[in-house]
Amino acid sequence: HPTQALLDSFSLYENLKDKYIHRIKLNGAQTDKLNFMIKDNVVSLNMNMKNEEKSQHGYFYNSYYFSTSYSIPQDVAQDKVTHKIDGDYFEIIMPKK
């Protein structure tokens, strides 16, 4: 499948013998703003960043929201799913049963 090959070449998704790994590029995002949740066999990651700035030219406000989710495959032990920060990537590790 061409899309799968493309993803694999960037190592954003790996289906290994004993686990699945999803990597999300953070692009320098503040990791303390990330919310990670597992519910109903779905892993979710979201982030809401707000920036306010006052200067002599006025008041600036911007907001950035990011959200992604992945279904947990049936061959994964949901209670064993973990996550970690690896450089500029958020990794979700899903061990197979």
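Contact here means heavy atoms within 4.5 Å. With that rule, leave aside neighbours within four places in sequence, and Met49 is in contact with Ala29, Gln30, Lys33, Asn62, Ser63 and Tyr64.

Some ground rules. This is a predicted model, where local features need pLDDT of at least 70, side-chain atom pairs count only at pLDDT 80 or more, and totals for chains, interfaces and linings use all residues. Residues are numbered from 1 along each chain as its sequence is written, and side-chain values use heavy atoms, with hydrogens and water left out.

Back to Met49. Met49 sits in strand 4, residues 42-55. Strands are DSSP runs of E, at least two residues, and helices are H or I runs of at least four, numbered from the N terminus. The cut-offs are under 20% relative accessible area for buried, over 50% for exposed, and partly exposed in between, with a 1.4 Å probe and protein chains only.

Now the rings. How many aromatic pairs does a search of the whole structure find? It finds 2. Rings of Phe, Tyr and Trp (its six-membered ring) pair if their centres lie within 6.5 Å; planes under 30 degrees apart are stacked, over 60 edge-to-face, the rest tilted.

Tyr13 and Tyr20 have ring centres 6.4 Å apart and planes at 20°, so this pair is stacked. Tyr13 is buried at 18%. Tyr20 is buried too, at 10%.

Phe36 and Phe90 make a tilted pair, 5.7 Å centre to centre and 45° between planes. Phe36 is in strand 3 (34-39) and Phe90 in strand 7 (89-95), so the pair ties together parts 54 residues apart in sequence. Phe36 is partly exposed at 23%, while Phe90 is buried at 3%.

One more item on Tyr20. Lys96 lies over its face, 4.5 Å from the ring centre. The test: NZ of Lys or CZ of Arg within 6 Å of the centre and within 35 degrees of the ring normal.

Last, the core. A nonpolar core is a set of buried Ala, Val, Leu, Ile, Met, Phe, Trp, Tyr and Cys residues joined through side-chain atoms within 4.5 Å. The largest has 15 residues, and Val81, Phe90, Ile92 and Met94 touch the most other members. Strand 2 (19-25), strand 4 and strand 7 each supply at least two of its residues. Beyond four places in sequence, Ile92 has contacts including Tyr20, Phe36, Val43 and Val81.
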